[in-house]
Amino acid sequence: MNILVTGASKGIGNAIAKELEKSGNLYVTGRNEEALRECICKDYCVCDLANDIEILAEFIEKNKIDILINNAGEYIYGALETMSTNDIQRIYQTNLISPAYLISKAIPAMKNNKWGRIINIGSISGVMGEAYASLYSSSKAGLIGLTKALALELAEYNITVNTINPGWVETELGMNSIDESEFSKDEIIECIPQKRFVKPEEVAKLCKYLISEDAKGITGQSINLCAGLSVGI
Ligand SMILES: NC(=O)c1ccc[n+]([C@@H]2O[C@H](COP(=O)([O-])OP(=O)(O)OC[C@H]3O[C@@H](n4cnc5c(N)ncnc54)[C@H](OP(=O)(O)O)[C@@H]3O)[C@@H](O)[C@H]2O)c1
């Protein structure tokens with residue numbers, strides 16, 4: 001089984017890579033080569049999803065990926081009218097366009113094997129909307145639409161496609177987004193029904209389940225892993 005995790009150099013992606021280390025031939029990608037070198041994996045590919053995506057597309061074709069986990073993502077905070085064309089392009093490219101392109105490169109080998117698993121890491125912001133994060137929210141909402149359509153397209157090939165939508169997770173991205181917001185860490189915890197942040201390992205364990213045979217019936221789903229944040233809306 002050939003597995004690729006994007007954004008594996010830190011945070012949630014790193015936890016997923018550690019969880020799946022023994023599930024097959026693990027391939028990882030990110031921009032930080034030093035951190036990728038420390039991952040226990042078969043090989044890695046240094047790639048900036050906002051710029052030089054072709055190198056990773058070739059890596060996927062060469063390694064015939066059976067399980068693709070599109071985890072890498074970038075957050076940007078601010079009113080939409082303050083965003084530059086470059087910001088808009090970078091966020092959509094990293095969070096939505098590149099994941100769709102990488103999936104398109106993985107599909108032929110999966111179809112050939114009549115088996116595959118695709119997991120996109122979305123965000124609760126793509127489900128609920130988040131003020132001053134319109135580019136991030138809309139890019140993550142796009143992943144949900146992509147997931148549903150592809151699940152239908154690929155169902156007959158035994159390929160499942162799902163999105164996991166984390167709530168607040170204690171990572172660099174999660175904590176930076178709190179620093180940029182108008183709320184303190186304590187105020188945010190107060191709004192979360194379980195009064196806690198989600199751990200990267202919880203997302204990793206859900207990935208492990210979704211790639212298993214036990215989860216073959218789960219496809220096209222958008223699963224909120226958010227300590228209750230999205231409940232009651
Ligand atoms: N933390 C949260 O609260 C939270 C909540 C909901 C959803 N999420 C989603 O979960 C995913 C992982 O987030 P995280 O919290 O683990 O963030 P993180 O700690 O900042 O890690 C982000 C990862 O994505 C990679 N990455 C970012 N931009 C990239 C680019 N342009 N090209 C290639 N790699 C890139 C980073 O690689 P390098 O470091 O090597 O550059 C890093 O490995 C993201 O999609 C995020 O939107 C996070």
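Of the 233 residues in the protein, 51% are buried, where buried denotes a relative accessible area under 20%, exposed one over 50%, and partly exposed a value in between (1.4 Å probe, protein chains only). The structure is a predicted model, in which local features need pLDDT of at least 70, side-chain atom pairs count only at pLDDT 80 or more, and totals for chains, interfaces and linings use all residues. Residues are numbered from 1 along each chain as its sequence is written, and side-chain values use heavy atoms, with hydrogens and water left out.

The protein contains nine helices and seven strands, assigned as DSSP runs and numbered from the N terminus (helices: H or I, at least four residues; strands: E, at least two). The radius of gyration is 17 Å, close to the 17 Å that the globule rule gives for 233 residues, so the protein is as compact as a globular protein of that length. This radius is taken over C-alpha atoms, and the globule rule is 2.2 Å times the number of residues to the power 0.38. Along the principal axes, the C-alpha atoms fill a box of roughly 50 × 35 × 35 Å. Among contacts with a separation of 6 or more, 67% are accounted for by residues 24 or more positions apart, a contact being heavy atoms within 4.5 Å. The accessible surface comes to about 11,000 Å², and carbon and sulfur atoms hold 51% of that surface; areas were computed by the Shrake-Rupley method with a 1.4 Å probe, and for residues only the protein chains shown count as cover.

A search of the whole structure gives three aromatic pairs. Rings of Phe, Tyr and Trp (its six-membered ring) are paired if their centres lie within 6.5 Å, and planes under 30 degrees apart count as stacked, over 60 as edge-to-face and the rest as tilted. One of the pairs is Tyr27 with Phe59, edge-to-face at 5.6 Å centre to centre and with 85° between the planes. This pair links distant parts of the chain, as Tyr27 belongs to strand 2 (residues 25-30) and Phe59 to helix 3 (residues 54-63), 32 residues apart. Tyr27 is buried at a relative accessible area of 5%, and Phe59 is buried at 8%. Tyr75 and Tyr136 also form an edge-to-face pair, with 4.9 Å centre to centre and 70° between the planes. Here too distant parts of the chain are linked: Tyr75 is in the loop between strand 4 (67-70) and helix 4 (85-113), Tyr136 is in helix 6 (residues 134-154), and 61 residues separate them. Both Tyr75 and Tyr136 are buried.

A disulfide was defined as a pair of cysteine sulfur atoms within 2.5 Å, and by this rule the count is zero. The sulfur of Cys191 has its closest cysteine sulfur in Cys226, 13 Å away, which is too far for a bond. Cys191 is exposed, with a relative accessible area of 57%. Cys207 is likewise in no disulfide, and the nearest cysteine sulfur, in Cys39, is 15 Å away. Cys207 is buried at a relative accessible area of 0%.

Most residues other than glycine have a negative phi. Tyr132, which is not a glycine, has a positive phi near 65°. Tyr132 lies in the loop between helix 5 (125-128) and helix 6 and is partly exposed, at a relative accessible area of 44%. Asn158 is not a glycine either and has a positive phi of about 65°. Asn158 is placed in the loop between helix 6 and strand 6 (159-166), and its 36% relative accessibility makes it partly exposed.
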